[in-house]
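Hi everyone, thanks for coming. Today I'd like to walk you through one protein model, starting with the whole chain and ending with two residues. Please have a look at it first.

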Amino acid sequence: MATLKQPTGQKRLTNVAVVRLKKGGKRFEIACYPNKVVSWRNKVETDIDEVLQTHAVFSNVSKGEMAKTAELKKIFGTDNQTEICLQIIAKGELQVSEKERHAQLESMFKDIATIVSDKCVNPDTNRPYPVTLIETAMKDIHFSVKPTRSTKQQALEVIKQLTETDSINIQRAHMQLKITVPGKDGKKVREKVKKLATTVEQDDFSDDLEMVILVDPGCYREIHDIVVSATKGKGQFEVLNLKHVEEGDEMM
């Protein structure tokens, strides 16, 4: 009995996530592992071999039809399949079913709320909000998840929106920093740092300046640069606590 041979130029794959890019009037597709495309775009996954099922460019993944080399070279300027795969995964559209898309958006929504909960507190009690309350607040402001943006970027946008509305009383959890500066530089550093600190917990200026302060994380770099610049690198800058919060979740 004669054996059946798969036609040349065809390679069938199953259980794939397809990323499609239309360019130069042609359609190009790559076959990726499910759930890996977003991880790659968010820089969570950094090994391209964990993302691509094969370093090959298709004209149609579902039919197993490979793209023609001449077309790749003409449209992408190269026939290097891996380089083209990287272009497609960066700029292409992830093909998912409506059910998969809904599940993905729900998962990202919860991830964003988790990041917000982790980074923020109720300023009246200095306690973090439970994730469920953050999700409710996000729905109140009609926040819409963008599947092409990282959850961290979107979490920062949520924080910004929530602080500008009456939906929930919220602020970024403060960082606790310790600064030690030689006496001759202490006065100018002290004045500048006090303007940026939300709370000064320790302010000891005998021989050297020692301060323990709470600051908004957005001021971290500025305070660091003040200490380094004013002391020409002789000052000490220590993070005592990335998130200065009270124990337990805020209840509402």
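This is a predicted model: local features need pLDDT of at least 70, side-chain atom pairs count only at pLDDT 80 or more; totals for chains, interfaces and linings use all residues.

Residues are numbered from 1 along each chain as its sequence is written, and side-chain values use heavy atoms, leaving out hydrogens and water.

Let's start with the overall shape. The C-alpha trace spans about 95 × 45 × 35 Å along its principal axes. The radius of gyration of the protein chain is 26 Å, whereas a compact globule of 252 residues would be near 18 Å. That radius is taken over C-alpha atoms, and the globule rule is 2.2 Å times the number of residues to the power 0.38.

What is the chain built from? It has eight helices and eleven strands. These are DSSP runs, numbered from the N terminus: helices are H or I with at least four residues, strands are E with at least two.

Residues 15–101 are 32% helix and 25% strand; residues 110–173 are 52% helix and 6% strand.

How much of the chain is buried? Buried residues make up 36% of the 252. Buried means under 20% relative accessible area, exposed over 50%, and partly exposed in between, using a 1.4 Å probe and protein chains only.

Let's zoom in on Cys 85, which sits in helix H3, residues 81–91. Cys 85 counts as buried because its relative accessibility is 1%. Leaving aside neighbours within four places in sequence, its contacts (heavy atoms within 4.5 Å) include Ile 30, Leu 52 and His 55. Phe 58 is 27 residues away from Cys 85 in sequence, and their C-alpha atoms are 9.8 Å apart.

My second residue is Asp 185, in helix H7, residues 183–196. Is Asp 185 buried or exposed? Asp 185 is buried, because its relative accessible area is 6%. Beyond neighbours within four places in sequence, Asp 185 is in contact with Ala 230 and Thr 231.
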